[in-house]
Amino acid sequence: MELRQLKYFMEVAKREHITEAAENLHVAQSAVSRQIVNLESELGVDLFVRQGRRVRLTPIGRMFLGSSKQAMQMLENATQEVKEYLEPERGTIRVTYPISMAAYTMPTVISSFREQYPEANFQLKQNIYYDVIEEVINGEYNMGILAPVPMDDEKVEGHVLFTEEIIALLPSNHALANEESLQLSQLKHESFILLPEGMHFREMAINACLEQGFEPKVAFEGDDVDALKGLVSAGLGIALIPEITLVDTTPRFTVKKSIANPRVTRTVGVITPKSRKLLPTELIFFEYIKDFFAK
């Protein structure tokens, strides 16, 4: 089996069209077809079902694609490791994280890191909570920054950087706007603005309310934390918000209130794979970010 065959196979699987794959690879269609046939012959299975000019993966083809991606990622990591071993301060740091980390946490720490390591590069990807974990597990990324930090996962190691408060964001004309702090139970009759279903922070907000004996009434949903802020600013309801997303400013026509009873918190930190080591430049960033938040 040749590396070229795997590259051709993965491109055809992605395009589901041999001609389009060949054009993207800048090789002849016949060369791609021949290598796919040779690969199938060597494996003794059909990887694709031919449907006219298009192809689609067979069940065993989908399994082989997953393994091929992991193998290619391992090879890329090995190549990158050699390059970074020679010049670790010029390497690439690949990090995946949820959008709630995008407004303050990631920009702040990257800006500080680049002052010390100006030639380091970053490849960043925003994703939802569970996909961040999955991407670290399957090898697409070696590092994820997220909250809360999973501490009992079999495949990733959790490293807590800090713990933050979850606060209530209210319209400035709200009846509770002048309260010094709130009890969560005081919000039981309020209209809540939440993130969409499937988002981890939504689950966290709902569970916090359920523990206080009520299910929040959902009035609106916003795609991200900034959308929640905007909807609260428009007077359409209240929201529970990670405190760090309000570090720089509180949106117009809103007030933020701490929740004193019970305190609602979440851990913020880094996850790394248990089965793989960080690349040299990633390790430098990993140690840096731990020191950064420990100060």
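Biologist: In which strand is T272 found?
Modeller: Keep in mind that this is a predicted model. The strand in question spans residues 265-273. T272 is found there, in strand β12.

Biologist: Is T272 buried or exposed?
Modeller: The cut-off for buried is under 20% relative accessible area. T272 has 8%, so the residue counts as buried.

Biologist: Which residues does T272 touch, leaving out those up to four places away in sequence?
Modeller: T272 is buried, with a relative accessible area of 8%. Its contacts in this set include V136, N142 and K155.

Biologist: With which side chain does the side chain of T272 make a polar contact?
Modeller: A polar contact needs N or O atoms within 3.5 Å. Here the distance is 3.0 Å, and the partner is the side chain of H159.

Biologist: Now the strand pairs. In which sense do β3 and β4 pair?
Modeller: Strand β3 covers residues 92-97, and strand β4 covers residues 121-126. Six bridges link the two. Their sense is parallel.

Biologist: What is the hand of the β-α-β crossover from β3 to β4?
Modeller: The chain leaves β3 and passes through helix α5, residues 105-116. It then reaches β4. The crossover is right-handed.

Biologist: Which residue in β4 is the bridge partner of I93?
Modeller: β3 and β4 pair over six bridges. For I93, the partner in β4 is F122.

Biologist: How far apart are the C-alpha atoms of Q123 and I93?
Modeller: Q123 has its place in strand β4. I93 is 30 residues away along the chain. Q123 also touches I93, along with T92, R94, V95 and Y141. The C-alpha separation is 6.2 Å.

Biologist: Which side chain is joined to that of Q123 by a polar contact?
Modeller: R94 is one of the residues that Q123 touches. The polar contact has a length of 3.0 Å. It joins Q123 to the side chain of R94.

Biologist: In which sense does β11 pair with β7?
Modeller: β11 also pairs with β6, in the antiparallel sense over four bridges. In that pair, A168 has K257 as its bridge partner. With β7, residues 181-183, there are three bridges. That pairing is parallel.

Biologist: Which residue in β11 is the bridge partner of Q183?
Modeller: β7 and β11 pair over three bridges. The partner of Q183 is N261.

Biologist: Which residue does a cis peptide bond join to N261?
Modeller: Omega is about -10° at this bond. The residue lies in the loop between β11 and β12. It is P262.

Biologist: What is omega at the cis peptide bond between A147 and P148?
Modeller: P148 is in the loop between β5 and β6. The bond joins A147 and P148, and omega is about -5°.

Biologist: What is the phi of H26?
Modeller: H26 is in the loop between α2 and α3. It is exposed, with a relative accessible area of 72%. H26 is not a glycine, yet phi is positive, about 60°.

Biologist: What is the phi of E16?
Modeller: E16 is found in the loop between α1 and α2. It counts as partly exposed at 37% relative accessibility. E16 is not a glycine either, and its positive phi is about 55°.

Biologist: Last one. How far apart are the C-alpha centres of domain 1 and domain 3?
Modeller: Domain 1 covers 3-69, and domain 3 covers 163-266. Domain 2 is made of 72-161 + 268-294. The centres of domain 1 and domain 3 lie apart by 49 Å.

Notes
Residues are numbered from 1 along each chain as its sequence is written. This is a predicted model: local features need pLDDT of at least 70, side-chain atom pairs count only at pLDDT 80 or more; totals for chains, interfaces and linings use all residues. Side-chain values use heavy atoms; hydrogens and water are left out. Two strands pair if DSSP finds at least two bridges between them. A crossover is right-handed if, with the strands pointing away from the viewer, the path from the first strand over the helix to the second runs clockwise. Domain bounds come from an automatic or database domain assignment. Buried means under 20% relative accessible area, exposed over 50%, partly exposed in between (1.4 Å probe, protein chains only). A polar contact is a pair of N or O atoms within 3.5 Å; within protein, one must be able to donate a hydrogen and the other to accept it, and residues adjacent in sequence count only if both atoms are side-chain atoms. Contact means heavy atoms within 4.5 Å.
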